[in-house]
Structures are given as structure tokens and as C-alpha cells.
Amino acid sequence: MPWFSATQRRHLAERSAALGLPFVDLSPALQAEARRLEGRELLYFPANVHYTPRGHRVVAEALARALETVAAAAPGAE
Amino acid sequence: VSGSGPPRDPPPVRGRTRRAAELGLAAAALLVAAAGSELALRALGIAYPPFYRTSADVGDSLLPGSEGWWTQEGRAHVRINADGMRDRDHDVARPPGTFRIAVLGDSYAEAFQVEQGEAFWAVLERALRGCPRLDGRRPELLNFGVAGYGTTQQLLMLQRRVWKYAPDLVLLLFTTGNDVRNNSKTLQGGGRPYLRLVDGEAVLDTSFLDKRSSRWRTSRAGDLWYAALQRSRLLQVLAQAPRAWRRLWEPDPARPAPGPPIRTGWRRGRSRRSRSGASRRRCGATTPACCWPPAARRSRWIPTLRCGRGPPRRSGWRTSSTRIDDWPHSPRPRGSRS
């Protein structure tokens with residue numbers, strides 16, 4: 001149901017922007033990886049659709065890319 | 001003739017002694033049987049460790065110190081740390097030179113399905129090491145994800161358990177499939193805290209604590225029960241008995257009925273599998289619950305989470321939500337662990 005998912009994600013992006021919060025949409029990274037794998041490896045367990053180790057890796061990589069910019073703007077820890 | 005009267009009862013003291021001896025013997029036999037069962041269960045590796053308990057501050061939460069194998073989906077060794085996080089132990093005081101990121105979320109952040117080192121927050125922590133934007137600070141990820149949480153419980157978690165760790169950044173993993181529904185008492189049912197709008201103000205509804213079961217679980221007796229449950233395999237098995245009894249009478253709708261319909265189920269399952277695979281590829285991996293029906297054990301939610309347009313066909317959905325792993329014709333995907 002991509003149309004529904006896209007609507008939800010657009011809504012979240014808009015609400016986050018209105019609140020001044022960074023929003024990271026993980027879907028493009030997961031979709032690209034799913035297309036690249038062509039079903040050879042799953043990103044989700046079929047039973048309950050939680051991430052497989054591969055899915056977690058994709059999420060982590062996408063977040064790492066996004067957080068690089070967010071972390072720079074965060075207050076220092078010292 | 002003297003001594004020909006009715007026989008006298010034995011002295012009451014001897015009777016009490018005998019009864020006490022019998023009770024002692026029965027107790028000893030029970031103890032031996034329990035100890036033997038405990039040893040046998042440990043030898044056979046049978047365990048049902050409790051991972052959750054009800055807490056007064058956030059509702060259901062992870063049980064500190066629990067440890068065991070998660071096999072309901074995937075297979076991973078799960079350990080809950082001393083502060084009730086599916087994570088390693090963290091000092092409350094932030095070590096100098098660290099950049100702390102607190103992760104809030106539901107089961108996707110909890111990540112029981114994979115080993116701790118494979119969860120995205122653990123991978124992310126490694127990936128961020130040496131990140132020039134952190135100015136030499138060491139990244140430290142803290143995972144506060146708990147299955148079933150909506151944003152209300154995530155907010156409570158943030159307010160009541162996260163801030164003490166003084167994170168530099170809070171990462172909220174939002175699952176579009178059910179994080180909104182989890183906030184609704186009407187849709188989700190009781191048993192957790194909710195926010196109600198009263199005159200435009202969000203008011204915390206903790207009426208779940210008034211339930212007898214919640215009162216007991218959050219009491220001192222509940223503490224003792226969970227402590228005993230964590231330590232005794234026999235208690236873990238006994239605690240599963242009511243669930244097993246219910247399952248006996250309410251068969252899992254995900255499984256096809258035994259007998260001739262099984263073959264039909266397999267055929268339909270294969271057909272469904274290919275269609276579902278296509279659907280998953282088409283959807284990519286966007287919002288999981290939207291791309292794939294959830295486990296049919298929660299069948300009452302299937303209509304609200306259906307993928308297709310139009311009303312769901314009950315029988316069809318029951319088939320489509322059968323576990324792929326249970327289908328004998330399903331090839332195990334390469335690289336997958338379950």
C-alpha cells in the first residue's frame with residue numbers, strides 16, 4: 001500500500017518540520033535495498049515483519065548518514 | 001468381666017504426629033519432584049523467561065535482569081539490563097567525552113528478533129565511531145524500545161526513565177503501522193496508560209493501575225513472583241499452562257486446520273506467498289504493517305491493518321497471514337536466520 005505509506009510519511013515530515021524536529025524517512029533506503037536484493041535476502045521476518053539483521057543494518061546506515069548532520073548541531077557533551 | 005468394652009481411640013497426640021509425618025513426607029515428595037522437574041527442564045533447555053512486567057510509571061516494560069532465548073520470530077539471545085532496557089548496562093552519569101543518543105520506539109527498536117549486536121542501534125553506535133561531526137566524542141546509544149509502545153508510552157519513558165541519562169539526542173523510531181493505534185484506548189483496549197484530551201489539555205489516564213491484575217503485578221508480591229519466575233524453569237512452565245490451555249481451545253488461526261484442508265492451505269499458501277512476495281517488493285520496505293499483515297495471532301487487528309483496498313476477506317486473510325516458515329514448500333531465503 002505505497003500510497004498510504006507515502007501519505008503517512010509525508011504527514012510525519014510536515015508535522016516534524018512544523019515542530020522544528022529533524023525527520024528521517026527510512027523508507028527510501030529500505031526500498032532501494034529491497035529492490036537491489038530482488039528477494040534474495042529479506043529485510044523483514046515474514047512472521048511479524050520485524051527487521052532481519054540485514055534490515056537493521058540498512059536502518060543503521062541510513063540513520064548514520066542522517067545523524068552526521070544532526071549531531072553537528074547538537075549541544076556538546078562536555 | 002473387665003476389659004471387654006469397645007476399643008479405645010489411640011491417644012490424640014500420636015494421631016497428630018502421624019498426620020504431621022504424612023504431611024512432611026508429602027511435602028518432601030513434592031520438593032523432590034519439583035527439584036527433579038527443575039533439573040530436567042534445565043537439562044532439556046526448556047525455558048519461558050519472562051521479559052515483561054507491568055510498571056506503575058510506564059505500563060508494561062521490560063523486566064530487569066531477564067535473560068533467555070527469543071524464538072517467536074527469528075532467534076536471538078535476549079538480555080534485559082538492570083534498568084529494564086534491551087541493551088548492555090549503562091552508567092546513569094554520562095561519561096565524559098561521549099555523545100549519548102537515546103532510542104525510543106516499539107518492538108522494532110526492542111529488536112528481540114536479532115542478536116543485540118545486530119540491532120540497528122548497536123550497528124549505528126559502531127558506525128558513528130570516528131564520525132568527524134562528533135568532534136572526537138564517543139557515541140553511546142541507549143535503547144529504550146519496548147514492544148507495543150505507542151507515542152504516549154514513549155513519552156512517559158522519555159520523561160520518567162530517559163532524562164536521567166542526559167542524552168544529547170533522542171531518536172524516536174515511529175512505526176506508522178501501529179504507533180498511532182497504540183495510543184487509543186478504544187482501539188487498543190485497557191492495560192496501559194493513555195493520554196486523554198480534556199478541554200484541549202492532554203491528561204494522563206492511568207486507570208489501568210486500578211485493575212486487580214495491575215495492582216498485583218506492581219505490588220511487592222508481584223516483585224517476588226517475577227523474581228521467582230526468573231529463577232525457576234518449573235514456574236515458567238507452570239505459568240505457561242493457562243496460555244497453553246487457552247490455545248488448546250482457541251486454535252491459532254494462522255495454522256490451517258488439520259486434515260484434508262491442509263493440502264488446500266498449502267496450495268493457497270504458495271499462491272499467497274508469491275503474491276505477498278510481490279507485494280513486499282512493490283511496497284519495498286516502507287511501513288511494515290502496511291506491506292504485510294501482522295501475525296494472525298492478533299487476528300482481531302487484521303481488518304484494521306489490511307493492505308488492500310476494500311473489505312478484507314476473512315478466510316483469505318487467515319491464509320495470507322500464515323507464517324511462511326511453516327509452509328513446507330517455502331524455500332528458506334538465503335541469509336535469513338529464521
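This is a predicted model: local features need pLDDT of at least 70, side-chain atom pairs count only at pLDDT 80 or more; totals for chains, interfaces and linings use all residues.
Local features were considered at pLDDT of at least 70 and side-chain atom pairs only at pLDDT 80 or more, while totals for chains, interfaces and linings use all residues, and side-chain values rest on heavy atoms, with hydrogens and water left out. Residues are numbered from 1 along each chain as its sequence is written, and chains are lettered from A in the order in which they are written.

The secondary structure of chain B comprises 11 helices and nine strands, where helices (H or I, at least four residues) and strands (E, at least two) are DSSP runs numbered from the N terminus. Of the 338 residues of chain B, 41% count as buried, a class defined by a relative accessible area under 20%, with exposed meaning over 50% and partly exposed the range in between (1.4 Å probe, protein chains only). Among the contacts in chain B with a separation of 6 or more, 63% involve residues 24 or more positions apart, a contact being heavy atoms within 4.5 Å.

Chain B contains an open sheet of three strands in the order 6-5-7, with parallel pairing, two strands being taken as paired if DSSP finds at least two bridges between them. Strand 6 (138-143) and strand 7 (169-172) of chain B stand at the edges with a single partner strand each, so one side of each has no neighbour in the sheet. From one strand to the next, the twist averages 25°, with axes given by lines fitted to C-alpha atoms, for helices over the stretch in contact, and angles running from 0 to 180 degrees between N-to-C directions. Strand 5 (residues 98-104) of chain B is joined to strand 6 of chain B by six bridges, the two running parallel, and within this pairing Ile101(B) has Leu141(B) in strand 6 as its bridge partner. Helix 3 (residues 120-128) of chain B packs on the sheet and touches strand 5, strand 6 and strand 7 of chain B, its direction making about 175° with that of strand 6. Helix 4 (residues 151-162) of chain B lies across strand 5 and strand 7 of chain B and runs at about 145° to strand 5.

Strand 1 of chain B pairs with strand 2 (residues 59-62) of chain B in the antiparallel sense over four bridges, and these strands form a hairpin with three residues between them. The loop between helix 1 (12-44) and strand 1 (52-55) of chain B contains Ile46(B), which is partly exposed at a relative accessible area of 31%. Together with Leu44(B) and Tyr48(B), Ile46(B) forms a nonpolar patch on the surface with about 300 Å² of accessible area; patches are made of residues with over 30% relative accessible area and no salt bridge, like charges being joined within 9 Å and nonpolar side chains (Val, Leu, Ile, Met, Phe, Trp, Tyr) within 5 Å. Gly45(B) lies in the loop between helix 1 and strand 1 of chain B and counts as exposed at 55% relative accessibility. The C-alpha atoms of Gly45(B) and Ala93(B), 48 residues apart along the chain, are separated by 38 Å.

Over all chains, the structure holds 18 salt bridges, each defined as a side-chain nitrogen of Lys or Arg within 4 Å of a carboxyl oxygen of Asp or Glu. In chain B, the side chains of Arg88(B) and Glu125(B) meet in one of them (3.2 Å, N to O). This pair links distant parts of the chain, with Arg88(B) in the loop between strand 4 (76-79) and strand 5 of chain B and Glu125(B) in helix 3 of chain B, 37 residues apart. Arg88(B) is partly exposed, with a relative accessible area of 33%, whereas Glu125(B) counts as buried at 6% relative accessibility. A salt bridge also joins the side chains of Arg100(B) and Glu140(B) (2.8 Å, N to O), linking strand 5 and strand 6 of chain B, respectively, across 40 residues. Arg100(B) counts as buried at 0% relative accessibility, and Glu140(B) is buried with a relative accessible area of 4%.

In chain A, the side chains of Glu38(A) and Arg40(A) meet in a salt bridge (3.5 Å, N to O). Glu38(A) counts as exposed at 58% relative accessibility, while Arg40(A) is partly exposed, with a relative accessible area of 37%. Glu33(A), Arg36(A), Glu41(A) and Arg54(A) are linked in a network of salt bridges.

Conventions. Accessible areas come from the Shrake-Rupley method with a 1.4 Å probe; for residues, only the protein chains shown count as cover.
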